[in-house]
Amino acid sequence: MLEIKGLMADLQDEDKTILKGVDLSIGAGQVHAIMGPNGSGKSTLSYVLSGKGGYEVTGGSATLDGVDLLDMEPEERAAAGLFLAFQYPVEIPGVGNMTFLRTAVNAQRKARGEEELSAGDFLRVVREKAKSLKIDADMLKRPVNVGFSGGEKKRNEILQMAMLEPKMCILDETDSGLDVDAMKLVADGVNALRSEGRSFLVITHYQRLLDHIKPDVVHIMANGRIIKSGGPELALEVENNGYADILEEVA
Amino acid sequence: MALAKLKADATQARLAGLALPQGLETARKDALNRLAVMGLPGKRDEYWKYTDPATLTDADALPAAVFEAGEPLLFDAVERIKIVFVDGVFDPDASDDLVGEGVEIARLGDAAAADVHWAKEFYGTLETRGQTPVHRPLATLNTAFATDGVVIRATAKVAKPVSLIYLHKDQASDVMLHSLVKVEAGAALTLLENGPAAARFNSVLEVDVADGGAFHHVRAQGRDHERRAVTHCFARIADESLFKSFTLAVNGRLTRNECIIEMVGDDAVAHVAGACVGDGADFVHDDTVFVTHDGLRGESRQVFKKVLRNGAVGVFQGKILVKAGAQKTDGYQISQSLLLDGDSQFLAKPELEIYADDVACSHGSTSGAIDEDALFYLQSRGVPLQAATDLLTLAFLAESLQEIGDDGLADELRDRLESWLARRG
């Protein structure tokens, strides 16, 4: 599904190399988690994959089902099936959440040569999916993320994911700022989307999220590289001992 | 003195080809005399510092190509009383009968001839009052030479809006129209204005709202790229009255919209708002607003939003004057621009002048580029760059559209704006 080879990227403004050769391969239907100390490049990886400005790819490749992601505009990557759940979802005053969702869904359908959803069909689907995420009608009407609590913003991200039905979902610290109940709700939303054809890359600091979203593979990222990969037990090891042992081990 | 001489010469040159129309002689001659003293504006006048009035004051109007919109006229779906002017000439065939429940309507020329006393007495009075403290000579020119217009008197809550439609078919047309509105105590009227009107258009609208009256005004100034317009709305509003005006300006080479509101009564409310989309280095759009609080507990709002690209220039001159004794005034003013590139400019001059000591007044003005984070967020959800830009542009303008009191009209303008943005002009 997602193949990343030797990916290197700089932060343009600061002329600083953040990714120093990331190798990662995620198969269809798999859930991978990336953990790592602050500043190791986890969020940068998610931004570079989704095409955010301000980063320059200086080497390596990233493909989704064999298609070169790095050559595409952000919207083309989305239409190709990539989705990033933001660590800090953006507030957009003046754009209704519903308008936003419908515009996004139909833009992707159009890009893939599919017919746009009718207003009625869209409404039916969105209501059904919103309900399972405990997103009420008021939240759908309000401007995108404006005045939403931290938990509401993250649930709204998962709703977008559910509506857009991507192949490859990247969750960037989706657990940050969530209380236990909200995390459970978000994790349930993610788990409901798990399927053979859909893969996940979960970026997190805490093992706790991985209790709810069970990963197949856990990677440790440090200093712009994946330094160790293993099963779910690796996350437990980090939880208990921190990163020091692992960093020492590979140094 | 050299400047005064230049100004006098320019004014004479403009007047040379004009003859006073019939009717309303007293007011017209008075205006002519006042104009002789003031002279027409020049770019060295403080009040025209940001917008060069030359093409508005020159003897000859520059031609403007007629824009073929290929879409139904705005407000077509609204049940209304239509009054159509083609290049400033009344079109009786395209217009509805000038009758309605709770409202008296006549053409300006007919009203003068038929002894509609209130109109004869009212014509030019608010324009004259509006010359203090700042001169607005182009309005005085209009009072002297306006060839037509509409006079409307609302005596009850009028259900159907009166809709003035200004079609532009002659690319050389140079038009002055002057309309009067009187909203009697407790009455209510909605006035719609739509269209470019002419290659060069000078309009004056005088609005008198009596105690407890309400006046709603929604206007769109067409899409002709080369039309030039200077419009003036002079309003005087009494106790517990409401005045609301919204203007949408898209395209147009030069637009100066002046709105002068005098809140003479207590507990009066005045809201003026505008949305503008400008494209190109030769685009200038100027909103000049002057709100005077002269009653107790008055509430005024000015909300102006401009989207500018490819070197377009936006101007906002907005003033709130709170007279001594106008206690508990609540005055608010915001002007904002969204600059879609580095070449566009927004020039804002917000002014507060307050002589009462128990008031709440605030003003703000901002200029900014499009929010890159919001843009990326939309793109990451699959919305193409241009559509995402349009969506954010519309969102930016939405706050001013919300000022429209009628949701149906606001939705129509929003939908239209959306389709215009999508078609790029």
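This is a predicted model: local features need pLDDT of at least 70, side-chain atom pairs count only at pLDDT 80 or more; totals for chains, interfaces and linings use all residues.

Colleague: Why is Ala326(B) called buried?

Modeller: The label needs 20 or more other C-beta atoms within 10 Å. Ala326(B) has 24, so it is buried. As for its place in the chain, Ala326(B) sits in the loop between strand 17 (313-322) and strand 18 (330-339) of chain B.

Colleague: Now chain A. What makes strand 1 (residues 2-11) and strand 4 (residues 55-64) of chain A a pair?

Modeller: A pair takes at least two bridges. Eight bridges join these strands of chain A, which run antiparallel, so they qualify as a pair. Leu11(A), for instance, stands opposite Tyr55(A) in strand 4 of chain A.

Colleague: And why do strand 2 (16-26) and strand 5 (67-68) of chain A count as edges?

Modeller: The open sheet of chain A has four strands in the order 2-1-4-5, with antiparallel pairing. Strands 2 and 5 of chain A each have a single partner strand, so one side of each has no neighbour in the sheet.

Colleague: How many residues does each chain give to the contact between chains A and B?

Modeller: Chain A gives 21 residues and chain B gives 18. Helix 3 of chain A gives the most to its side, with five residues. That side of chain A divides into twelve nonpolar, six polar and three charged residues.

Technical notes: Residues are numbered from 1 along each chain as its sequence is written. Chains are lettered from A and ligands numbered from 1 in the order in which they are written. Two residues are in contact if their C-beta atoms, placed from the backbone, lie within 7 Å. Helices (H or I, at least four residues) and strands (E, at least two) are DSSP runs, numbered from the N terminus. Ala, Val, Leu, Ile, Met, Phe, Trp, Tyr, Cys and Pro count as nonpolar, Asp, Glu, Lys and Arg as charged, and the others, Gly among them, as polar. A residue is buried if 20 or more other C-beta atoms lie within 10 Å of its own, exposed if 12 or fewer, and partly exposed in between; C-beta atoms are placed from the backbone.
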